[in-house]
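Student: I have a model open and want to talk through its fold. Can we start with the overall numbers and then go local?
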Amino acid sequence: MAGPESDSVVVIGGGVIGIACAHYLNEAGYVVTVLESGTLAAGCSYGNCGYICPSHVLPLATPGALREGVLSVLNPSATYRIKPRLETAFIRWLWQFARRCSTLQMLETAEHLSAILESSAAEYRRLLADEIDGTEYRQSGLLYAFQTTKAAEAFSASERTVAARHGVRSSWIDGVDLSDFDGALKPGLAGGVLFPDDASLRPDRLTAQWIALLKDRGVIFREGVRFENVVRSGRLITAIETSEGPMKADHFVLAAGAISGRLASHFGKALPVEPGKGYSITLDRPEGSPHVPMLFLEHHVGITPFDTGFRIGSMMEFAGFDTSIPRRRLQQLRASASHYLSGDLPTVNIEEWYGWRPMTWDSLPIIGAMPDTDNVSLATGHNMLGLTLAPATGKLVAEHVQGRTPHIDSSPYSAARFN
Ligand SMILES: Cc1cc2nc3c(=O)[nH]c(=O)nc-3n(C[C@H](O)[C@H](O)[C@H](O)COP(=O)(O)OP(=O)(O)OC[C@H]3O[C@@H](n4cnc5c(N)ncnc54)[C@H](O)[C@@H]3O)c2cc1C
């Protein structure tokens, strides 16, 4: 048998969630091995927008999302797009999602998201101040900029008011002042809302630095090793089968991103996690590039400045585990950003990327016990917020493995809600 033999935990999946779980488990004294079927942190945790955004309390399932989703079926250019598929699990997922597109459900989900967002933001502040360096972390807030007053007012009426319910600070910036705030913005925009407590970093730098730190602390990372099945004795998983042979541990954590829903069936129960595909391009950093992370909601696109470039990211496609990067989608990212940014964008894409967000139909992550097992924890379903929610997730998983009372109420994230 390969692997650790006592007080050991194997984490399946080497994305930001698996890494965060390894961090807090290592801190709690466990011998931790992270299994990664491909390259560490090269999945959805790689090319995302890098926002640490406690302001994002609103779920994807809002009252308007249902109409948008239905219309998108006929429009391949829609940023938020559902490609119909005759798969029972997907149809069930859509049905449950549609049921949640109401104001009441939205507010309830926001309540549950708010707790874990707050905890994670606090953990990040500590980790990035004391333990993890070199991530291009910017505590410069997140700006939502608008072309039209109508869109700005609609935003204020929903997202900003909900954020206010949860004590999320924000301030209005008049259109005329926007280009002073960030010179990359075009004159003539209607205005913007700044969430000063949001931050950004470069996601691949975060994961690289975090992995290096954990290796120093004794965490074992095994790349190119795929989890395939489990060896079960009643409620206990005694070992897992991997592409490199069986591996024993006292406890297992499933943190395999969008594929986790399918992999969970090996532990006894498939979970409703669907891939929500997004794209990003990373460009060079000429004079006049953005300094502050920004979101342009009218065109559903985000901008993240890095030291050596900036990223444009967007789209939410429900199209299964599709691996293509259509040119028209990348062109769309450029065209969307150009509505707000002055000057021409650099013509070359330094990086072109897609990632599968692990989407649950209720926009809440799945953290805690795997049903019908005594030694498996789940850490998946982080939707559009996996980077932001990683530290609090890792902390909750470590508490679960230790059998300790969770630092926040974790019942809303329990897989028991799918029974
Ligand atoms: C365009 C875009 C922008 C985004 N922007 C943000 C943002 O600004 N802020 C934010 O908080 N979130 C953002 N997200 C969401 C965030 O990227 C995800 O929620 C997060 O990366 C999920 O992390 P993960 O570790 O669960 O999944 P992943 O990073 O996908 O990691 C899962 C890992 O498991 C491995 N794996 C799979 N199967 C197996 C197996 N059988 N055995 C072993 N390993 C396996 C995979 O290879 C993969 O490396 C964005 C997403 C997209 C697409």
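Tutor: The radius of gyration is taken over C-alpha atoms, and the globule rule is 2.2 Å times the number of residues to the power 0.38. This is a predicted model: local features need pLDDT of at least 70, side-chain atom pairs count only at pLDDT 80 or more, and totals for chains, interfaces and linings use all residues. Residues are numbered from 1 along each chain as its sequence is written.

Student: OK, what radius of gyration does the protein have, against what a compact globule would have?
Tutor: The protein has 21 Å; a compact globule with 419 residues would have a value near 22 Å, so the two agree. Along the principal axes, the C-alpha atoms fill a box of roughly 65 × 45 × 40 Å.

Student: How many helices and strands?
Tutor: There are 10 helices and 20 strands. These are DSSP runs numbered from the N terminus: H or I of at least four residues for helices, E of at least two for strands.

Student: And what share is buried?
Tutor: Buried residues make up 50% of the 419. A residue is buried if 20 or more other C-beta atoms lie within 10 Å of its own, exposed if 12 or fewer, and partly exposed in between, with C-beta atoms placed from the backbone.

Student: Switching to helix 7. Which residues there are buried?
Tutor: Pro 203, Asp 204, Leu 206, Thr 207, Trp 210 and Leu 214. They sit on the same side of helix 7 because they cover an arc of only 155 degrees around the axis, the arc being that of the directions from the helix axis to the C-beta atoms.

Student: Why would residues three or four places apart point the same way?
Tutor: An α-helix has 3.6 residues a turn, so residues at that spacing point the same way.

Student: Which residues are exposed on the other side of helix 7? And what covers the buried ones?
Tutor: Ala 212, Lys 215 and Asp 216 are exposed there. The cover over the buried residues includes helix 1 (16-27) and helix 10 (386-402).

Student: Those two helices again: where else do they turn up?
Tutor: Around the ligand. Helix 1, strand 2, strand 14 (274-283), strand 18 (349-359) and helix 10 each supply at least two residues of the shell.

Student: How many residues surround the ligand, and which are the closest?
Tutor: 39 residues surround the ligand, and the closest are Gly 15, Gly 43, Gly 257, Gly 278 and Gly 386.

Student: How does the shell divide by type?
Tutor: Into 17 nonpolar, 19 polar and 3 charged residues. Ala, Val, Leu, Ile, Met, Phe, Trp, Tyr, Cys and Pro count as nonpolar, Asp, Glu, Lys and Arg as charged, and the others, Gly among them, as polar.

Student: Backbone next. What is phi at Ala 41, and where is Ala 41 placed?
Tutor: Phi of Ala 41 is near 55 degrees, a positive value in a residue other than glycine. Ala 41 lies in the loop between strand 2 (31-36) and strand 3 (51-52). It is buried, with 22 other C-beta atoms within 10 Å.

Student: And Met 315, what phi does it have?
Tutor: Met 315 has a positive phi of about 80 degrees, although it is not a glycine. Met 315 belongs to strand 17 (residues 310-318).

Definitions and conventions: Contact = placed C-beta atoms within 7 Å. Near = placed C-beta within 6 Å.
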